[in-house]
Amino acid sequence: SDTLERHEFGAEVGRLLDLVVHALYSEREIFLRELVANAADAVDRRRFEALTNPALTLAAEAKVRILPDKAARTLTIADSGIGMAKAELAQHLGTIARSGTLAFAKSLAEAPAAEKPSLIGQFGVGFYSAFMVADRVEVTSRRAGTEEAWTWASEGKGDYTLAPASREEPGTDIVLHMKADAEEFLEPFRLQTIIRKWADHITIPITVARDGKDEPANEGTALWRKPKSEVTEEQYAEFYRHVAHAFDQPWATLHWRAEGTLEFSALLFIPGMKPFQAVEGERESRVRLHVRRMFITDQAGLLPPWLRFVQGVVDTEDLPLNVSREMLQATPVLARIRKSVTNRVLSELRSRARDAEDYAKFWENFGAVLKEGVWEDAEHRKEVAALLRFRSSAVEGWTSLADYLARMKEGQEAIYILAGDDTAALARSPQLEGFRARGVEVLLLSDGIDAFWPERLDAFEGKPIRSVTKGSVDLSKIAGGPDQGEAADVAQLLARLQELLKDEVSEVRATDRLVDSAVVLAAPPYGPDLQMQRLLRRAGR
Ligand code: ADP
Ligand code: MG
């Protein structure tokens with residue numbers, strides 16, 4: 001027709017399609033998980049927008065319908081969600097929103113086989129998985145609150161078309177023209193099995209049509225509302241993979257119900273692996289807020305940013321269903337839930353930290369994020385400090401501040417740290433010579449945030465934290481150092497050096513911190529340490 005518009009895909013989409021279709025072939029049933037998740041998200045979004053715009057309210061119960069048609073060899077996934085306007089079809093299904101193809105390709109190449117399918121979700125490219133099973137995809141959609149509908153269509157080969165269409169109600173139909181070798185996905189029984197496996201916890205009813213009748217395919221109970229005894233490990237893990245867009249086993253599963261002045265159910269997870277999308281990018285917690293089962297938002301900041309790796313759901317009775325964004329910001333209920341949930345996560349970390357080997361798995365994934373808590377959260381600073389782990393000049397593996405205190409030498413008055421870019425290099429630093437000679441342990445810090453938080457913590461259990469690169473570290477009270485008494489002999493040399501270097505350094509001093517090396521740079525006692533100075537220079541300050 002003359003209204004058909006042809007568009008090229010955004011530059012990266014073509015290559016991406018190729019990657020998705022070929023790299024994930026063995027797991028192709030997940031196309032259904034992705035399309036059903038999108039449909040359920042769309043229903044959630046419509047319900048949320050309807051809170052402030054009643055015109056968008058659904059007349060009937062929302063559901064996601066899966067309609068196989070063997071004769072036509074098509075599979076349709078239909079929802080009554082928010083829908084997409086013409087520009088949204090082009091934007092969401094024609095470009096890559098969240099991240100580059102390159103990063104995706106790199107992760108795909110590096111991830112173990114079992115983790116590859118989760119990358120689709122993490123990189124926000126779930127829709128394109130439809131092309132694993134279909135050689136043509138048509139999306140007919142009508143945005144809630146508007147009258148017009150459009151059909152987006154593509155064979156997944158570089159371009160797509162947009163044409164005017166009609167749809168009785170707002171929502172979206174995705175029609176997949178199945179490849180010859182994908183006919184198994186037209187069997188209702190097969191479809192039901194996939195839904196039960198991947199989407200059982202979705203609280204919106206999902207039906208599969210069989211002999212002209214819609215049969216329920218998911219149980220749809222809110223898992224977090226069930227008593228613990230009724231939930232299996234596998235159900236927890238599956239729900240975790242859904243909320244976290246992950247594919248691994250959670251490292252921790254926290255499921256509890258708060259009763260009394262504050263009523264809520266929470267089901268939270270700490271991932272077993274670091275997400276490929278670096279946690280550094282986004283700082284807000286994405287824990288989902290539900291009110292009486294209904295999804296409200298994943299932007300309520302239910303946990304502080306330094307616990308943003310925690311995933312899951314908090315469902316409360318203490319807020320009205322029609323809670324608005326403004327109200328979310330103002331209500332004291334949320335602040336109280338935040339506090340209670342934060343404390344629960346910290347206590348879980350404390351108890352798991354007793355098993356050093358187990359805790360190391362968590363620490364290596366998220367330790368650098370947790371450290372931000374010492375920097376920015378005065379209320380929890382001390383508690384978080386006790387959860388930190390370090391590399392050290394004295395022991396193998398990870399060690400805590402408490403363990404360090406227990407090993408301190410007689411006469412040692414401070415906790416010594418050395419920050420830099422990598423611990424192997426730090427372990428060889430001449431800065432450590434005098435400490436080694438006296439058997440004084442130094443903690444080696446190599447995360448970006450390590451230049452900052454020690455200043456804020458200042459002391460642990462009454463012992464000050466000192467950077468070894470800061471001037472005038474006094475080791476004289478600790479036995480075992482190199483021969484003293486030579487300092488007096490170098491007075492003349494010092495004066496001469498001071499004169500020669502007066503434009504480069506503020507002071508030249510004799511030190512008992514060195515054993516083999518002749519000189520070492522030190523920072524002034526007050527002000528930034530050497531690593532901080534390096535960072536400031538890099539930042540052009
Ligand atoms: P993600 O879901 O991670 O954002 P997808 O590739 O699965 O990535 O989907 C891209 C976008 O397309 C979604 O974010 C959403 O805006 C839009 N979309 C996909 N399916 C639907 C649908 N059934 N209804 C409304 N919008 C949809
Ligand atoms: Mg999706």
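Predicted model: local features only at pLDDT ≥ 70, side-chain atom pairs only at ≥ 80, totals over all residues.
Mentor: Two strands pair if DSSP finds at least two bridges between them; the strands (E, at least two residues) and helices (H or I, at least four) are themselves DSSP runs, numbered from the N terminus. Residues are numbered from 1 along each chain as its sequence is written, while chains are lettered from A and ligands numbered from 1 in the order in which they are written.

Trainee: Which strand is joined to strand S5 by six bridges?

Mentor: Strand S5 covers residues 149-154, and its partner, at residues 159-165, runs antiparallel to it. One of the residue pairs is Ala153 with Thr161. The strand joined to S5 by six bridges is S6.

Trainee: Which strands stand at the edges of the open sheet of nine strands?

Mentor: The pairing in this sheet is mixed, and the order of its strands is S1-S6-S5-S4-S7-S3-S2-S8-S9. Each edge strand has a single partner, so one side of each is left without a neighbour in the sheet. The edge strands are S1 (5-8) and S9.

Trainee: What angle does the direction of helix H2 make with that of strand S3?

Mentor: Axes here are lines fitted to C-alpha atoms, for helices over the stretch in contact, with angles running from 0 to 180 degrees between N-to-C directions. Contact requires C-beta atoms, placed from the backbone, within 7 Å. H2 packs on the sheet and touches S2 (64-69), S3 (74-79), S7 (171-178) and S8. Its direction makes with that of S3 an angle of about 20 degrees.

Trainee: Which helix gives the most residues to the shell around ligand 1?

Mentor: A residue is near a molecule if its C-beta atom, placed from the backbone, lies within 6 Å of it; of the 16 residues around ligand 1, Asn38, Ala42, His92, Gly126 and Phe127 come nearest. Helix H2 (30-52) and helix H3 (86-94) each supply at least two residues of this shell. With four residues, the helix that gives the most is H2.

Trainee: How many residues has the largest nonpolar core?

Mentor: A residue is buried with 20 or more other C-beta atoms within 10 Å of its own, exposed with 12 or fewer and partly exposed in between, the C-beta atoms being placed from the backbone; a nonpolar core joins buried Ala, Val, Leu, Ile, Met, Phe, Trp, Tyr and Cys residues through C-beta atoms within 7 Å. Val314, Ile417, Leu418 and Val442 have the most contacts inside the largest core, and a second, separate core of 58 residues includes Ala42, Ala134, Ala149 and Ile206. The size of the largest core is 66 residues.

Trainee: Is Asp211 buried or exposed?

Mentor: Asp211 lies in the loop between strand S8 (206-210) and strand S9 (213-216), and has a positive phi of about 50 degrees although it is not a glycine. Most residues other than glycine have a negative phi. Because 6 other C-beta atoms lie within 10 Å, Asp211 counts as exposed.

Trainee: How far apart in space are Arg65 and Ala39, C-alpha to C-alpha?

Mentor: Arg65 lies in strand S2, and with 19 C-beta neighbours inside 10 Å it counts as partly exposed. Its contacts, not counting residues up to four places away in sequence, are Ala78, Thr207, Ala209 and Asp214. Although Arg65 and Ala39 are 26 residues apart in sequence, their C-alpha distance is 9.4 Å.

Technical notes. Contact = placed C-beta atoms within 7 Å.
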